[in-house]
Amino acid sequence: MFAGGSAAQSSIFQCFDVLLGIEQSAGEASAAAFLQDMRTYMPPAHQRFLRSLESGPSVREFVLSKNDENLTAAYNDCVKAMVSLRSYHLQIVTMYILIPASKKSKKPKTSEKPSEMESKGTGGTDVMKFLRNVRGTTEKALLKED
């Protein structure tokens, strides 16, 4: 069984998480497991690259160790950019997956909640729950500024 296409299969999303020290496992365990599973869809060189980043020094720990206001602000700008990207991703998924799926559904709507099929992402997750969780975990990675 194969998962459908998913942004989680893109090494760039996971690369930024690793570089910024954003641990998606801090949230829901299934999100972390899903992201790890999606690595199997990446080219082997990308998988090795992510593993090498994970075994190297942490940018987040470096920023924390320096206790430098400008460095912290720059780090937070990067995390905020990832939050913004993930918010935009939520909008795109809503516009191009959830809305068309709800229009395609031939069943009459009995509630405002999307059906189970309508809420599944291309990777097989409960797409909105998963994406909101990943965005929330990313947002929690912001460092406190003095």
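**Exercise 1. Is the crossing of H1 and H5 left-handed or right-handed, and how do the two helices run?**

Step 1. The crossing of H1 and H5 is left-handed. For that label, the near helix is turned anticlockwise from the far one by less than a right angle; clockwise would be right-handed.

Before going on, remember that this is a predicted model, where local features need pLDDT of at least 70 and side-chain atom pairs count only at pLDDT 80 or more, while totals for chains, interfaces and linings use all residues. Residues are numbered from 1 along each chain as its sequence is written, and side-chain values use heavy atoms, with hydrogens and water left out.

Step 2. Find H5 at residues 69-104; its axis and that of H1 come within 11 Å and cross at roughly 150°. (Axes are lines fitted to C-alpha atoms, for helices over the stretch in contact, and angles run from 0 to 180 degrees between N-to-C directions. Helices are DSSP runs of H or I, at least four residues, numbered from the N terminus.)

Step 3. That angle makes H1 roughly antiparallel to H5, the word for angles over 145 degrees; under 35 is roughly parallel, 65 to 115 roughly perpendicular and the rest oblique.

Step 4. Now see who touches whom (contact means heavy atoms within 4.5 Å). H1 brings Phe13, Phe16, Asp17 and Leu20, and H5 answers with Tyr75, Cys78, Val79, Met82, Leu85 and Arg86.

Step 5. Sort them: eight are nonpolar, none polar and two charged. (Ala, Val, Leu, Ile, Met, Phe, Trp, Tyr, Cys and Pro count as nonpolar, Asp, Glu, Lys and Arg as charged, and the others, Gly among them, as polar.)

**Exercise 2. At what angle do H1 and H3 pack, and which residues make the contact?**

Step 1. Look along the two axes: they lie 9 Å apart, at an angle of about 10°.

Step 2. With that angle, H1 is roughly parallel to H3.

Step 3. On the H1 side you'll find Ser11, Gln14, Cys15, Val18 and Leu19, facing His46, Phe49, Leu50, Leu53 and Glu54 of H3.

**Exercise 3. How many residues of the contact of H4 with H5 are nonpolar, polar and charged?**

Step 1. Start with the geometry: the axes of H4 and H5 come within 8 Å and cross at roughly 150°.

Step 2. H4 is therefore roughly antiparallel to H5, and the crossing is left-handed.

Step 3. List the partners: Val59, Arg60, Phe62, Val63 and Lys66 from H4, plus Leu71, Thr72 and Tyr75 from H5.

Step 4. Sort them and you get five nonpolar, one polar and two charged.
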